[in-house]
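We will go from stop to stop, selecting a few residues each time.

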Amino acid sequence: MQNNKYVETPGTQIFQILMQLSDYLELYRQWGFDGISCKKEFQTLQDLPALEKLRAELAGCQRCKLSHGRTHIVFGEGNPQATLMLIGEGPGADEDRLGRPFIGKSGELLTRMIQAINLRREDVYITSIVKCRPPQNRDPEPDEIATCTPFLRRQIECIQPRIICALGRVAAQTLLETTTPISQLRGRFHDYHGIKLMPTFHPAYLLRNPQDKRLAWEDLQCVQQEYEKVNKSLTAEENT
Ligand code: URA
């Protein structure tokens with residue numbers, strides 16, 4: 001029988017250190033640095049927005065066993081002040097390879113879903129319940145979800161979206177703290193700490209079950225209506 005238990009040896013410890021280093025270098029690259037000069041960057045790091053400080057806190061994360069198999073932490077991307085936040089389940093192989101959320105096949109569909117409600121990926125913020133790829137794309141396990149969700153909660157607090165779209169069962173059930181099936185949760189807004197939350201099907205599910213795209217489209221139209229309502233009231237507030 002295959003033994004999948006992770007064993008820590010000097011070799012794996014060195015590997016983990018190199019992975020952490022690579023996370024930090026990737027973080028610096030995303031912040032636009034093309035070299036390292038500690039003094040200057042220390043001043044800059046203190047001025048980082050809360051969302052970037054949170055990203056930095058996660059760099060090199062080894063808080064759960066998903067860290068053992070990942071290539072990149074997939075923190076999230078998009079407008080840090082987005083009205084709409086889309087939350088998936090966890091990175092897949094493509095996302096793990098490049099460190100960006102929803103860039104594989106299901107990401108292509110998600111991009112089209114966003115465009116279908118007259119928005120661009122840059123307008124919204126996209127992330128997932130867990131930030132590291134579960135092996136063989138299995139569902140994230142309860143201990144992994146429990147370890148990662150405090151960071152998601154803080155991410156939501158930084159972005160302060162007015163609407164959240166939970167993509168799929170794991171995202172919807174985790175955020176709403178329920179075991180109700182996604183088919184019963186979708187189709188109406190729920191309350192997530194004062195934020196309107198619309199559960200809908202995960203794009204990967206929709207690729208396998210295209211007959212349910214019609215239902216997802218209904219959910220997205222509710223999101224679009226709410227988005228337009230929020231935008232109108234924000235514009236009215238700005239003009240008073
Ligand atoms: N599925 C998710 O839930 N998140 C990703 O980033 C990619 C696929």
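**Stop 1: helix α3**

Select residues 50-58, which form helix α3 in this predicted model. Now pick out Leu51, Glu52, Leu54, Arg55 and Leu58: these residues of α3 are buried. Why do they lie on the same side of α3? They cover an arc of only 155° around the axis, and that puts them on the same side.

Step just past the end of α3 and select glycine 60. Its phi is positive, about 75°.

**Stop 2: the whole chain**

Zoom out and colour by secondary structure. The chain has 240 residues, and 46% of them are buried.

**Stop 3: the ligand**

Which residues are around it? They are Gly88, Glu89, Gly90, Pro91, Glu95, Pro101, Phe102, Ser106, Ser128 and His202.

A backbone N or O atom of glycine 90 is 3.1 Å from a ligand oxygen. For phenylalanine 102, a backbone N or O atom also lies 3.1 Å from an oxygen atom of the ligand. Serine 128 uses its side chain: an N or O atom there is 2.9 Å from a nitrogen atom of the ligand. On its own, the ligand has 230 Å² of accessible area, and the protein covers 95% of it.

Stay with serine 128. It sits in strand β3, residues 125-128. Is serine 128 buried or exposed? It is buried, because its relative accessible area is 7% and the cut-off for buried is under 20%. Show its contacts, leaving aside neighbours within four places in sequence. Serine 128 touches Ile87, Gly88, Glu89, Gly90, Phe102 and Leu152.

**Stop 4: salt bridges**

The count of salt bridges comes to 19. Visit a few.

Select aspartate 23 and arginine 70. They form a salt bridge, with the closest N and O atoms 3.0 Å apart. Aspartate 23 is in helix α1 (residues 10-30), while arginine 70 is in the loop between α3 and β1 (77-78). The two are 47 residues apart, so this pair links distant parts of the chain. Both partners are buried: aspartate 23 has a relative accessible area of 7%, and arginine 70 has 4%.

Next, select arginine 154 and glutamate 57. Their side chains meet in a salt bridge at 2.7 Å, N to O. Arginine 154 lies in helix α6 (residues 142-159) and glutamate 57 in helix α3, so the pair ties together parts 97 residues apart in sequence. Arginine 154 is partly exposed at 34% relative accessibility. Glutamate 57 is partly exposed too, at 36%.

Now try arginine 97 and aspartate 94, whose side chains form a salt bridge at 3.2 Å, N to O. Both lie in helix α4 (residues 93-98), three residues apart, about one turn of the helix. Aspartate 94 is partly exposed, with a relative accessible area of 30%.

For the last stop, select Lys65, Arg138, Glu141, Asp143 and Glu144. Salt bridges link these residues in a network.

Note on methods: Residues numbered from 1 in each chain as written. Predicted model: local features only at pLDDT ≥ 70, side-chain atom pairs only at ≥ 80, totals over all residues. Heavy atoms only, no water. Buried < 20%, exposed > 50% of the residue type's maximum accessible area, 1.4 Å probe, protein only. Helix = DSSP H or I, 4+ residues; strand = E, 2+ residues; numbered from the N terminus. Arc of directions from axis to C-beta. Contact = heavy atoms within 4.5 Å. Near = heavy atom within 4 Å. Polar contact = N/O pair within 3.5 Å; in protein donor to acceptor, adjacent residues only side chain to side chain. Areas by Shrake-Rupley, 256 points an atom, 1.4 Å probe, with all protein chains shown as cover. Salt bridge = Lys/Arg side-chain N within 4 Å of Asp/Glu carboxyl O.
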